[in-house]
Amino acid sequence: MLTFTDKGIYCEPGKFYIDPWKPVDFAIITHGHADHAKWGMKNYLCHHYTVPILQSRISADISVQGIGYNEVISRNGVKISLHPAGHIIGSAQIRLEYKGKVSVVSGDYKIQEDGLSTPFEPVKCHEFVTESTFGLPIYRWQSVATQNEQLQQWVRSNQEQKKTSVFVGYSLGKAQRIMQAMQDAGPLYVHYSIGKLNLAFEQIGVRLPKYEIVDLREDVKHLDQGIVIVPPSLLESKVIKKIPHMAHAICSGWMQVRGARRWRSADAGFPISDHADWEGLIEAVKATGAEQVHVTHGQTAVFAKYLNEIGIPADEVPTEYGREEEDESPENVEVPS
Ligand SMILES: [Zn+2]
Ligand SMILES: [Zn+2]
């Protein structure tokens, strides 16, 4: 039912694309990250929660239809439904059914419950398209409770040393998870790019801890000894250095690897990810019962090879995903020599 074209993942009978990277007539979008939700589609279909994210990131004028999880709509005889992917707010696996055959495109996903995204639900299918961002056995996340405790401990030790805690995390998903972990930890400030995306959470009734929006180009003295969250794009900028008594921590799955380039200049690194770890990927693939698996972005070669070894036919398919999720991009990792 699916073909992999130079525009994106295509459903031939339905005549639509999933997360295409070139302009098409009809695009189903798994989630609001920039590498999956591109500009230029005539029509967009996504989860209700993703609608305001697309409108804020692409344009307020786009033609977009939002649907709920498990709601079924038809297009050229193909039944389409969205199922929680647990990756970020509104993230969905796309289930397609045509002439008794079921295909599922997962987009990005994680098994861990982060308390913000609707938890991942496995969907039975014949054909499954999976990501493999962290498809190496070295990637194994600690529980969310443990991760949060580690962030809080780091902040407490900074407070004792009269330092300002600066977290670096992707503005959609990661930043809000850090915010959640900082409940009652101290005065909380978020960069305005994060504040803009917080609206998508607040609109659907997610209660984030109290925070103030900051623009680092302005006066930042009042941030002293507080807690600040900024996106990774600011890491190399001059403005971040204006923050008084700064200690900064990077929150990204890549922090599990010693030798990640950005790790070295940071005061701390926390391996917290919105993607499944090695065990999570395997668990998710097995739960689908799929006869054929296509591996898109990340550690495609290793993960596809492993699946074949355990008797699940899998191949690698080229896509353009994974390039714009700043903190989750392999360019930020150096292989230790
Ligand atoms: Zn993503
Ligand atoms: Zn992705």
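How much accessible surface does the protein have, and what share of that surface belongs to carbon and sulfur atoms? The accessible surface comes to about 14,300 Å², and 49% of it belongs to carbon and sulfur atoms. These areas come from the Shrake-Rupley method with a 1.4 Å probe, and for residues only the protein chains shown count as cover.

## Before you start

This is a predicted model, where local features need pLDDT of at least 70, side-chain atom pairs count only at pLDDT 80 or more, and totals for chains, interfaces and linings use all residues. Residues are numbered from 1 along each chain as its sequence is written, chains are lettered from A and ligands numbered from 1 in the order in which they are written, and side-chain values use heavy atoms, with hydrogens and water left out.

## The overall picture

The protein holds six helices and 19 strands; helices (H or I, at least four residues) and strands (E, at least two) are DSSP runs, numbered from the N terminus. Its C-alpha trace spans about 65 × 45 × 30 Å along the principal axes. The radius of gyration is 20 Å, which agrees with the value near 20 Å for a compact globule of 337 residues. That radius is taken over C-alpha atoms, and the globule rule is 2.2 Å times the number of residues to the power 0.38.

Among contacts with a separation of 6 or more, 58% involve residues 24 or more positions apart, a contact being heavy atoms within 4.5 Å.

## Aromatic pairs

The whole structure contains 14 aromatic pairs. Rings of Phe, Tyr and Trp (its six-membered ring) pair if their centres lie within 6.5 Å; planes under 30 degrees apart count as stacked, over 60 as edge-to-face and the rest as tilted. In one pair, W154 and F270 have ring centres 6.1 Å apart and planes at 75°, so the pair is edge-to-face. W154 lies in helix 2 (residues 144-160) and F270 in strand 17 (residues 268-270), so the pair ties together parts 116 residues apart in sequence. W154 is buried at 12% relative accessibility, and F270 is buried at 10%.

W278 and F303 also form an edge-to-face pair, 5.8 Å centre to centre with 70° between the planes. W278 is buried at 7%, and F303 is buried at 0%. Elsewhere, ring pairs link F134, Y139, W141 and W254 into a cluster.

How values were computed
Buried < 20%, exposed > 50% of the residue type's maximum accessible area, 1.4 Å probe, protein only.
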